[in-house]
Amino acid sequence: MTEEIKKLKDIVEHTDNIVFFGGAGVSTESGIPDFRSVDGLYHQQWDEPPETILSHTYYMRYPEKFFRFYRSKLLCPDAQPNAAHRKLAEWEAQGKLRAVITQNIDGLHQKAGSREVLELHGSTLRNYCEQCGRFYSLADIMAMDGVPRCACGGRIKPDVVLYEEGLDSTTLTRAVEFIANADVLIIAGTSLAVYPAAGLIRYFGGSKLVVINKTPLRGDLGADLVITGAVGETLAQL
Ligand code: ZN
């Protein structure tokens with residue numbers, strides 16, 4: 001066990017108010033690609049960059065192409081929680097962790113047993129008919145080809161925040177509350193490049209700020225502890 005892991009263990013042992021803020025790096029160990037990492041989607045060859053395809057404008061204009069990309073790149077129905085998801089669920093059950101705030105849309109925290117999960121960017125597990133509002137599961141979407149259609153004829157939209165779309169204000173407000181009241185904030189698996197991550201962190205006024213990331217983050221966050229490594233691998237050692 002490294003000195004850093006020992007420090008993290010000590011921090012976790014002495015608090016009952018951890019808030020975890022996670023990005024794509026939390027799910028990469030479950031086999032879900034990270035948009036912004038070197039081998040992530042941004043570096044793959046597509047006619048258009050992912051930000052364009054995953055924008056509201058593109059979704060409205062080219063739904064066939066949107067869903068082709070969405071189905072092949074964003075849906076990972078067989079992905080399973082990894083050690084990071086499991087450890088966080090364990091901490092919550094032990095009364096140590098108050099909330100997981102995530103930028104991921106894969107539902108893996110809930111699958112691991114976490115209850116208080118704030119999904120800033122929505123979830124691929126929820127889908128709604130644009131016309132009648134009927135709910136469809138991921139399995140429903142998987143069973144359809146191309147642009148998913150409701151029994152009423154309406155198009156089914158994933159409950160995922162696309163580029164150009166705003167975040168859910170209730171979720172955002174609750175995330176701010178959890179961060180502002182946290183004793184320990186763990187930021188993991190995110191470059192903090194995506195809105196609103198960087199801004200949210202400014203609300204933290206607790207005692208320990210911990211950063212876990214595969215690559216060092218740019219800029220000084222004033223973190224009390226920085227661990228360079230994979231999130232699941234790191235948390236599994238605690
Ligand atoms: Zn409908």
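The model is predicted, so local features need pLDDT of at least 70 and side-chain atom pairs count only at pLDDT 80 or more, while totals for chains, interfaces and linings use all residues. Residues are numbered from 1 along each chain as its sequence is written, and side-chain values use heavy atoms, with hydrogens and water left out.

- The ideal angle for four tetrahedral donors is 109.5 degrees.
- Helices (H or I, at least four residues) and strands (E, at least two) are DSSP runs, numbered from the N terminus.
- C132 is partly exposed, at 46% relative accessible area.
- C152 is also partly exposed, with a relative accessibility of 37%.
- Buried means under 20% relative accessible area, exposed over 50%, and partly exposed in between (1.4 Å probe, protein chains only).

- All 5 of the 5 residues in strand β7 (residues 184-188) are buried.
- Both faces are covered: V184, I186 and A188 lie on one side, L185 and I187 on the other.
- In a regular strand the side chains alternate between the two faces of the sheet.
- Strand β1 (residues 18-22) runs parallel to β7, joined by 5 bridges.
- Two strands pair if DSSP finds at least two bridges between them.
- I18 stands opposite V184 of β7.
- β7 also pairs with strand β8 (residues 208-213), in the parallel sense over 5 bridges.
- I186 stands opposite V210 in β8.
- I186 is buried, with 0% relative accessible area.
- I186 and T215 are 29 residues apart in sequence and 16 Å apart in space, C-alpha to C-alpha.

- β6 has 4 of its 5 residues buried, so it is largely enclosed by the rest of the structure.
- β4 and β6 run antiparallel, joined by 5 bridges.
- S123 stands opposite D159 in β6.
- E164 lies in the loop between β6 and α8 (169-181).
- E164 has a phi near 85°, a positive value in a residue other than glycine.
- E164 counts as exposed, at 56% relative accessibility.

**Second largest pocket**

- About 150 Å³ of space lies in this pocket.
- A pocket is an open set of points on a 1 Å grid over the protein atoms alone, where a 1.4 Å probe fits, with protein on both sides within 12 Å along at least five of seven lines; lining residues have an atom within 4 Å of a point.
- W46, D47, E48, I53, Y58, K65, R68 and F69 form the lining.
- Helix α4 (residues 63-74) gives the most to it, with 3 residues.
- The lining divides into 4 nonpolar, no polar and 4 charged residues.

Key:
Grid points are joined across faces, edges and corners, and a volume is the space filled by probe spheres set on the points. Ala, Val, Leu, Ile, Met, Phe, Trp, Tyr, Cys and Pro count as nonpolar, Asp, Glu, Lys and Arg as charged, and the others, Gly among them, as polar.
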